[in-house]
Amino acid sequence: MSIPPAREGDQDPFLLDAEQIQALAEPRLVSDALTLCREQRVTDLDSDGLGLWARVEDAQTQEQLDLALAYDADGNLQTQCQCDGGPDGPCVHALAALFAYSQRSGASSELQGALEGAIEERVLRGRTEVQVEPLSGGDRSGPWLGTWRARSINPTGVLPTSYLVQIRSLTRRANHCTCPDFATNQLGTCKHVEAVLHRLRKRKGFKKARHQAPNRAFVYLDWECEGAPVVRLQRAALTDAHLAPLLHEHFDASGAFLGRLPEGLRGLAEVLAGRPDIEVGED
């Protein structure tokens with residue numbers, strides 16, 4: 001079975017994201033593989049760039065199965081596993097090995113502190129555990145910023161809960177998700193946000209687009225500054241002449257909110273409600 005093209009810049013043919021792994025098998029098999037990975041049943045994982053080897057404990061028999069993955073001359077992924085899973089594509093153990101390899105490769109470097117570790121965890125889980133689709137903006141023909149729907153790949157078979165992700169920035173943790181983790185982790189990101197950003201990074205033109213200012217100003221919680229969080233304004237590329245004096249009155253040159261919290265922000269939100277050129281974020 002041919003593997004979908006890797007994102008630009010990928011040199012490791014076995015470092016696949018959620019979309020690429022899902023293209024290899026039926027959803028039920030992919031979900032079972034993710035469960036094996038989460039339960040840490042994948043061991044003795046190794047690769048030399050030409051082949052990938054692993055030992056995976058079968059969920060039913062608890063037997064330790066050895067497997068190997070490699071690409072043939074036509075770019076088709078070939079699997080040899082002791083489970084004899086059949087010729088129609090990778091078995092559940094091979095898929096689990098690909099999930100585990102992706103997660104391990106992303107976390108191979110030492111992380112500096114708990115904050116970086118927590119964010120890196122969301123980045124890795126977003127890459128391998130989440131499905132996303134654009135609702136407004138973010139698709140191949142539309143703008144880069146916009147609203148997305150995100151769902152986790154669900155190993156239990158229960159219909160997964162969907163969340164709305166608002167992408168406001170491609171470079172800062174200024175985005176928003178309606179999931180419980182985003183509301184409580186105080187990171188300014190979550191696996192759903194990171195899944196959307198990963199999808200956008202795979203698009204042609206990302207490096208140029210990430211430096212463009214948004215067309216719509218927004219007020220958000222900034223978690224990347226000292227003493228975070230700070231209520232901050234992200235100014236837009238174009239600001240209405242009638243809006244600029246109001247923003248100057250309530251935000252300093254760096255964008256930090258000058259009023260009292262929470263009443264000052266509530267009052268400003270009421271004044272700005274309904275304007276198409278600025279958003280006071282739910283966060």
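Val165 has Cys177 of strand 8 as its bridge partner. Strands here are DSSP runs of E of at least two residues, and helices are runs of H or I of at least four residues, both numbered from the N terminus. The model is predicted: local features need pLDDT of at least 70, side-chain atom pairs count only at pLDDT 80 or more, and totals for chains, interfaces and linings use all residues. Residues are numbered from 1 along each chain as its sequence is written, and side-chain values use heavy atoms, with hydrogens and water left out.

- Strand 7 (residues 162-167) and strand 8 run antiparallel and are joined by two bridges; two strands pair if DSSP finds at least two bridges between them.
- These strands belong to an open sheet of four strands, ordered 5-6-7-8 with antiparallel pairing.
- Strand 5 (130-136) and strand 8 (176-177) each have a single partner strand and stand at the edges, so one side of each has no neighbour in the sheet.

**Strand 9 and its partners**

- Six of the six residues of strand 9 (residues 217-222) are buried, meaning under 20% relative accessible area, where exposed is over 50% and partly exposed in between (1.4 Å probe, protein chains only).
- Strand 10 (residues 230-234) pairs with strand 9 in the antiparallel sense over five bridges, and Val219 stands opposite Leu233 in strand 10.
- Strand 11 (residues 278-280) pairs with strand 9 in the parallel sense over three bridges, with Phe218 opposite Glu279 of strand 11.

**Nonpolar cores**

- A nonpolar core is a set of buried Ala, Val, Leu, Ile, Met, Phe, Trp, Tyr and Cys residues joined through side-chain atoms within 4.5 Å.
- The largest nonpolar core has 32 residues, of which Leu45, Leu69, Leu95 and Leu98 touch the most other members.
- Among the elements that give two or more residues to this core are helix 1 (18-22), strand 3 (64-71) and helix 3 (92-106); helix 3 gives the most, with nine residues.
- Apart from this core lies another of 20 residues, including Tyr163, Cys177, Cys190 and Ala209.
- Leu98 touches Phe14, Leu16, Ile21, Leu24, Leu52, Leu69 and Leu77, not counting residues up to four places away in sequence; contact means heavy atoms within 4.5 Å.

**His250**

- His250 is placed in helix 8 (residues 244-250) and counts as buried because its relative accessibility is 17%.
- A polar atom of the His250 side chain lies 3.0 Å from the backbone oxygen of Leu246.
- Not counting residues up to four places away in sequence, His250 touches Ala256, Phe257, Leu258, Gly259 and Leu268.

Key:
Polar contact = N/O pair within 3.5 Å; in protein donor to acceptor, adjacent residues only side chain to side chain.
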